[in-house]
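The exercises below are to be worked with the sequence and the coordinates at hand.

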Amino acid sequence: MEVSFATEKGKSPECDAKMLTGWTQKLLGANQEACNAYQKMREHEAIQKPLSWTENGFSFDQFDLLFFPGGHEKGVRQMIDSDVVHKLLLDYFPKTRKPSNKSIAAICHGVLAVSETIMPDGKSVLHDVSTTTLPTTFEGTAYWGTRLFLGDYYKTYGAGSESVETSVKKRLDDPAKQYRNSLGASPFVVQDENYNYISGRFPADAALLGQETIKLVKEACKAA
């Protein structure tokens with residue numbers, strides 16, 4: 001597979017430093033294996049010279065898979081709130097309906113970038129799709145457990161803002177049936193039946209999500 005990265009202005013992206021270095025990494029962040037993998041990834045030309053999603057003529061159509069990463073640091077709002085990303089997704093998401101060689105994967109806050117893509121009829125592109133995202137229980141525990149020394153770090157839109165789970169569920173036609181959740185520690189992902197769309201909750205799901213996404217892309221390309 002050929003991998004490309006895309007950012008708003010074509011600037012090389014960086015992961016949240018709090019999750020990779022210092023005492024916050026040791027207590028709250030990525031394990032050493034993940035840190036090592038990130039440093040190795042940083043050496044790749046694709047991440048050093050990413051594409052720009054605001055460049056004239058840029059389209060998601062050139063990709064068989066779109067992957068929307070998570071993260072609670074406020075910089076992720078650049079992706080979640082981007083009108084350009086939403087416009088591109090409005091065109092791309094319907095093309096993931098099976099059978100198709102187009103797929104989307106999202107994890108944690110990355111699901112918001114998709115769920116906040118609103119069609120002309122006022123509905124989200126995820127309105128009839130099964131999904132998961134960061135559970136309110138975990139988001140709240142992280143926020144209240146660290147607010148004395150990290151402030152609103154774990155609330156991407158600031159203290160008092162609604163949870164990611166709440167934001168995603170209100171975009172679904174029938175949240176009771178479409179929203180899938182697990183409060184267990186075991187890796188957990190959700191794959192929709194009608195669209196080539198797969199989602200995860202948080203870092204503990206990342207490895208499984210990666211494995212299942214690769215399977216999804218291979219199957220989608222065969223079926224299309």
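The model is predicted, so local features need pLDDT of at least 70 and side-chain atom pairs count only at pLDDT 80 or more, while totals for chains, interfaces and linings use all residues. Residues are numbered from 1 along each chain as its sequence is written, and side-chain values use heavy atoms, with hydrogens and water left out.

**Exercise 1. Describe the surroundings of Asp192.**

Step 1. Locate the residue: Asp192 belongs to the loop between strand 5 (189-191) and strand 6 (197-200). Helices (H or I, at least four residues) and strands (E, at least two) are DSSP runs, numbered from the N terminus.

Step 2. Examine its charge. Asp192 is buried but has no salt bridge, and the nearest side chain of opposite charge, that of Lys98, is 6.2 Å away. Buried means under 20% relative accessible area, exposed over 50%, and partly exposed in between (1.4 Å probe, protein chains only). A salt bridge requires a side-chain nitrogen of Lys or Arg within 4 Å of a carboxyl oxygen of Asp or Glu. For charge, Lys and Arg count as positive and Asp and Glu as negative, with His and the chain ends not counted.

Step 3. Look for backbone partners. The Asp192 side chain lies 2.8 Å from the backbone nitrogen of Asn194, and 2.8 Å also separates the Asp192 side chain from the backbone nitrogen of Tyr195.

Step 4. List the contacts (heavy atoms within 4.5 Å). Beyond neighbours within four places in sequence, Asp192 touches Lys98, Asp128, Val129, Ser130 and Tyr197.

**Exercise 2. Determine how the buried residues of helix 10 are arranged.**

Step 1. Helix 10 (residues 206-223) has 18 residues and spans 25 Å from first C-alpha to last, close to the 26 Å expected at 1.5 Å a residue. The expected span is 1.5 Å times one less than the number of residues.

Step 2. Its buried residues are Leu209, Thr213, Leu216, Val217 and Ala220. They lie on the same side of helix 10 because they cover an arc of only 100° around the axis. That arc is taken from the directions from the helix axis to the C-beta atoms. An α-helix has 3.6 residues a turn, so residues three or four places apart point the same way.

Step 3. The buried residues of helix 10 pack against strand 3 (65-68), strand 4 (103-107), strand 5 and strand 6. On the face turned away from the buried side are the exposed residues Ala207, Lys218 and Lys222.

**Exercise 3. Trace two salt bridges, Asp61 with Lys95 and Lys74 with Asp152.**

Step 1. The salt-bridge count comes to 11.

Step 2. Asp61 and Lys95 pair at 2.8 Å, N to O. This pair links distant parts of the chain, 34 residues apart.

Step 3. Lys74 and Asp152 pair at 3.2 Å, N to O. Lys74 lies in the loop between strand 3 and helix 4 (77-80) and Asp152 in the loop between helix 7 (136-150) and helix 8 (164-169), so this pair ties together parts 78 residues apart in sequence.

How values were computed:
A polar contact is a pair of N or O atoms within 3.5 Å; within protein, one must be able to donate a hydrogen and the other to accept it, and residues adjacent in sequence count only if both atoms are side-chain atoms.
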